[in-house]
Amino acid sequence: MKIGIIGIGHLGRSFAKGLIKSGFNASDIIANARTLETFSKVKELFPGVITTTDKAELIEKSDIIVIAVKPKDAVAALSGIADLDFAGKTIITFMAGITLKDMRKMLHDDAGTLKIVRVMPNVAISLCNGITGISYDKDEKDIEEVITLFRRLGMVISLPEEELDTVTVCAGSGPAFAAYLMREYKNACNKMFKDEKISEEVAIRVFESTLQLMKEDKDNFNDVITKVATKGGSTEKGIEKYEETDFTGIIYGGIEASYERISKLK
Ligand SMILES: NC(=O)c1ccc[n+]([C@@H]2O[C@H](COP(=O)([O-])OP(=O)(O)OC[C@H]3O[C@@H](n4cnc5c(N)ncnc54)[C@H](OP(=O)(O)O)[C@@H]3O)[C@@H](O)[C@H]2O)c1
């Protein structure tokens, strides 16, 4: 199977990295971008990956074609390829907020015969530990190979298209939200340590080791809280302070704003 990636930017490269890490042949990946700078970066990062400035060549040689450009660049990226022969090929779009209907329109697929799948991964697919939402408007049996492909790269959630934006904000934007939370924990610790390096190391280790402990002890979040926050102790006092605030509401506020933004992009 050959996979062509149109728009090998941040997510496109995460995808290529995950594929190669999971055992996929680099030489079975064909990449396209806009600038020479990106072509050089891809050649340096992924020796063996084929690069081409010719989208028609990429499409002809690929069984799966992934569109990973920014939504604002979709029209420019797709306009020259709309009338090419996609028979027997699968088209995957990573673009947030661009619907299957939009894709059919841009690819002049009035009859709705093209196999187009919306896929919403997060950048952790590069580690084969990602989260990927997949939506398809026809029989899911037809996209078994897409589901199997993304299972190599982590968890897959198959869901109706109208629910895909939830994956986009909770999982797609998730690494940025998680990094934000960790950074603020570091900033809070720094009010005590007053040494940025120590605070950063402490914050990273706290988050990293908590996840390790949960996995090893098969604990859930509450189990860890109960184990550490002994009755009447100092940790319990800290947790009580958090409970007085609308902590969930603050976090949800960011997720909700991100969700609304996608609706506006549409
Ligand atoms: N980043 C994430 O975590 C994430 C998560 C979920 C979904 N997504 C979706 O993934 C898509 C890509 O996001 P990104 O963060 O990877 O963006 P990005 O880093 O800006 O990458 C976009 C790539 O598209 C290329 N490109 C732009 N116009 C093109 C054209 N006309 N023909 C060929 N290539 C073109 C750019 O080429 P040059 O580099 O040469 O300019 C660049 O490599 C977006 O639609 C986004 O909604 C991203």
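On a 1 Å grid laid over the protein atoms alone, a pocket is an open set of points with protein on both sides within 12 Å along at least five of seven lines, and a molecule sits in a pocket if more than half of its atoms lie within 2 Å of its grid points. By these criteria, the ligand sits in the second largest pocket. This is a predicted model, in which local features need pLDDT of at least 70 and side-chain atom pairs count only at pLDDT 80 or more, while totals for chains, interfaces and linings use all residues. Residues are numbered from 1 along each chain as its sequence is written, and side-chain values use heavy atoms, with hydrogens and water left out.

The protein chain is divided into domain 1 (3–164) and domain 2 (174–265), with bounds that come from an automatic or database domain assignment. The centres of domain 1 and domain 2, taken over C-alpha atoms, are 33 Å apart.

Around the ligand there are 23 residues, each with a heavy atom within 4 Å of it, and the closest are H10, L11, T35, T38 and V69. Among the polar contacts (pairs of N or O atoms within 3.5 Å), a polar side-chain atom of H10 lies 2.9 Å from an oxygen atom of the ligand, and a nitrogen atom of the ligand is 3.0 Å from an N or O atom in the side chain of K55.

Note on methods
Polar contact = N/O pair within 3.5 Å; in protein donor to acceptor, adjacent residues only side chain to side chain. 1 Å grid on protein atoms, 1.4 Å probe; cavity = no way out; pocket = protein on both sides within 12 Å on 5 of 7 lines; lining within 4 Å.
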